[in-house]
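Morning, everyone. I will go through one structure today, a piece at a time, and you can follow along on the screen.

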Amino acid sequence: MNKILEVKHVSASYTTQGNAFAREKVQIVLHDVSFDLYEGEALGLVGESGSGKTTVARAILGFLPRYEGEIIHHSKRPQLIFQDPYTSLNPARTVGWILEEPLKVYGKFDAPERRRRIIEMLENVGLSEEYMSRRPSELSGGQRQRVSIAAALIVRPRLVIADEPVSALDVTIQAQILQLLDEMREKYGLSYLFISHDMNVVYQLCDRVIVMKKGVIVEDAPIDDIFDHPQHPYTRELVEASR
């Protein structure tokens, strides 16, 4: 398989300000993080809060201003599916506007073609054309996350980063959204970096899992190996907690 992303020896830290009684402290957020992501792969990035998962995503997306190491993209800039569909969509705008804006920025399509693509993408995520005129406040949580997925895919990226995309949804809706993500991967040949703290959710979507603890990768293995034969004590804790 061809690589779509290479993360090489990435480290990052931040400094807390000192005062008259204490010196500045350097807090390491990432330490020598390296992994590859392949075309068509769904790679899970798992760990507790503060493990460095979101910092990795920020570095990949270009949102982290300073880090050591190298990140090599073999596709155009990846798109992001946010954690919370209640806050990630502009409440003052319609669904049609939200989906059209990335196409306008892309600048390649005229108005009729933009509308055609919007309708097609809505249908792909299980929503009809009538949703174009609705605002986020008129949608359920699951419908909002479908719009968020449509907004990420409307410019046809090859790599999508999903940061806890189902954690704000109830279990039934989670299963529907995970199935949708899997269908979109098949339809568009997507690669996913899927960030989560929930091993059960990761098991439903991902081919391979990276486990992080305190900014360090402690295990990287196929999903079945992670569940059947976890090697690191922290991975075993996560697997046992999911059962």
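R156 sits in the loop between α5 and β6, the latter covering residues 159–163. Keep in mind that this is a predicted model. The phi of R156 is positive, about 55°, although R156 is not a glycine. For context, most residues other than glycine have a negative phi. Is R156 buried, partly exposed or exposed? Its relative accessibility is 33%, so R156 counts as partly exposed.

A second residue of this kind is D32. D32 is not a glycine either, and its phi is positive at about 50°. This one is found in a strand, β2, which covers residues 25–38. With a relative accessible area of 42%, D32 is partly exposed.

Next, Y14, which lies in strand β1, residues 3–16. Y14 has a relative accessible area of 45%, and that makes it partly exposed.

Now a helix. α4 runs over residues 111–124, which is 14 residues. From first C-alpha to last, α4 reaches 20 Å, close to the 20 Å expected. At its start, a side-chain oxygen of D110 comes to within 3.0 Å of the backbone nitrogen of E113. After the helix comes G126, with a positive phi near 90°.

Which residues of α4 are buried? They are R114, R117, I118, I119, M121, L122 and N124. These buried residues pack against three other helices: α3 (95–106), α5 (141–153) and α6 (171–188).

Why does N124 count as buried? The cut-off is under 20% relative accessible area, and N124 is at 19%, so it falls on the buried side. Setting aside neighbours within four places in sequence, N124 is in contact with L180, M184, K187 and Y188.

On to the sheet. Six strands form an open sheet, in the order β5-β6-β7-β3-β8-β9, with mixed pairing. At the edges are β5 (79–81) and β9 (216–222), each pairing on one side only. From one strand to the next, the twist averages 20°.

Look at one pair in that sheet. β8, residues 208–213, and β9 pair in the antiparallel sense over six bridges. Within this pair, I210 stands opposite D220 of β9.

Two helices go with the sheet. α6 packs on it, touching β3 (42–46), β5 and β7 (191–196), and the direction of α6 makes about 160° with that of β7. The other helix is α9, residues 233–242, which lies across β3, β8 and β9 and runs at about 110° to β8.

Last, the nonpolar cores. The largest has 52 residues, and the members touching the most other members are L99, I149, L181, Y192, F194 and I226. Which element gives the most to this core? That is α5, with six residues. Take Y192 as an example: leaving out residues up to four places away in sequence, its contacts include L37, L43, L159, L181, M184 and L205. There is also a second, separate core of 25 residues, with I4, L30, V33 and I60 among them.

That is the end of my list.

Notes: Residues are numbered from 1 along each chain as its sequence is written. This is a predicted model: local features need pLDDT of at least 70, side-chain atom pairs count only at pLDDT 80 or more; totals for chains, interfaces and linings use all residues. Side-chain values use heavy atoms; hydrogens and water are left out. Helices (H or I, at least four residues) and strands (E, at least two) are DSSP runs, numbered from the N terminus. The expected span of a helix is 1.5 Å times one less than its number of residues. Buried means under 20% relative accessible area, exposed over 50%, partly exposed in between (1.4 Å probe, protein chains only). Contact means heavy atoms within 4.5 Å. A polar contact is a pair of N or O atoms within 3.5 Å; within protein, one must be able to donate a hydrogen and the other to accept it, and residues adjacent in sequence count only if both atoms are side-chain atoms. Two strands pair if DSSP finds at least two bridges between them. Axes are lines fitted to C-alpha atoms, for helices over the stretch in contact, and angles run from 0 to 180 degrees between N-to-C directions. A nonpolar core is a set of buried Ala, Val, Leu, Ile, Met, Phe, Trp, Tyr and Cys residues joined through side-chain atoms within 4.5 Å.
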